[in-house]
Amino acid sequence: MTNSEATLKKAVFFDRDGTLNVDTGYVHDWANFVWIPGAPEAIKLANDRDYLVFVITNQSGIGRGYYSEQAVHTLHDQMNVDLAKIDAHIDGLEFCPHHPKEAQSEYLKSCDCRKPAPGMILALIEKWQIDPVRSLMIGDNDTDVAAAAAANVSGHLFSNGNLRDFLAPLLSD
Ligand SMILES: [Mg+2]
Ligand SMILES: [Zn+2]
């Protein structure tokens with residue numbers, strides 16, 4: 001094993017809406033948050049296989065003024081509280097609040113974090129010392145797969161079914 005293989009970590013990057021939770025449009029409230037079947041168990045499986053687990057999500061609803069950044073932080077805290085019931089956890093959640101055309105004031109910009117741009121993945125790779133080649137991204141949209149590819153991470157399109165069953169064959173031991 002080379003030094004870099006010993007040092008660098010592997011990770012699973014999950015999209016949020018439509019991948020971890022049912023996408024009913026601009027979800028920002030725990031009361032309306034419904035896990036996709038097998039999603040908590042998929043996160044636990046990744047935890048148990050020594051993958052870091054990240055959620056990266058476009059949240060232009062912030063920029064559009066539908067809800068606040070704090071609401072998103074609160075929802076993400078509640079996701080982790082719920083996951084703790086099965087000894088699972090998300091290591092980090094990143095969101096892009098921007099939109100290039102339909103956002104207010106400081107959120108109106110062509111940023112490098114809104115998927116399909118890879119900015120959120122690249123920032124996490126840098127911060128957590130992740131090996132992109134041994135990592136993967138799961139999302140329900142072509143933009144998720146494109147963001148992954150741009151970060152040299154293999155992207156996998158999840159359309160429906162049980163997320164744990166989808167993820168299991170993609171992980172190494
Ligand atoms: Mg999605
Ligand atoms: Zn952004």
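This section describes the zinc site of a predicted model and several backbone features of its loops.

In the predicted model, the zinc ion (ligand 2) has four coordinating residues. The donor atoms are SG of Cys96, ND1 of His98, SG of Cys111 and SG of Cys113, and they lie at 2.1 to 2.3 Å. Angles of 102 to 117° are subtended by the 4 donor atoms around the zinc ion (ligand 2), and the arrangement is therefore tetrahedral. For four tetrahedral donors, the ideal angle at a metal is 109.5 degrees.

Along the sequence, the donor residues of the zinc ion (ligand 2) follow the spacing C-x1-H-x12-C-x1-C. Distant parts of the chain are linked by the pair His98 and Cys111, which are 13 residues apart. Both His98 and Cys111 are placed in the loop between β3 (92–96) and α5 (119–128).

Cys96 is buried because its relative accessibility is 0%. His98 likewise counts as buried, with a relative accessibility of 12%. For Cys113 the value is 14%, so Cys113 is assigned to the buried class. Cys111 has a relative accessible area of 18% and is therefore buried, given that the class covers values under 20%.

A disulfide is a covalent bond between the sulfur atoms of two cysteines.

Although Ser105 is not a glycine, its phi is positive, at about 35°. Ser105 is exposed, because its relative accessibility is 58%. Most residues other than glycine have a negative phi, and most peptide bonds are trans.

A positive phi is also found at Tyr26, where the value is about 55° and the residue is not a glycine. Tyr26 belongs to the loop between β1 (10–14) and α2 (39–48). With a relative accessible area of 36%, Tyr26 is classed as partly exposed.

Technical notes
Residues numbered from 1 in each chain as written. Chains lettered and ligands numbered in written order. Predicted model: local features only at pLDDT ≥ 70, side-chain atom pairs only at ≥ 80, totals over all residues. Heavy atoms only, no water. Donors = N, O, S within 2.8 Å, 3.2 Å for Na, K, Ca; no water. Tetrahedral: all angles 85-135°; square planar, octahedral: opposite > 155°, others 65-115°. Helix = DSSP H or I, 4+ residues; strand = E, 2+ residues; numbered from the N terminus. Buried < 20%, exposed > 50% of the residue type's maximum accessible area, 1.4 Å probe, protein only.
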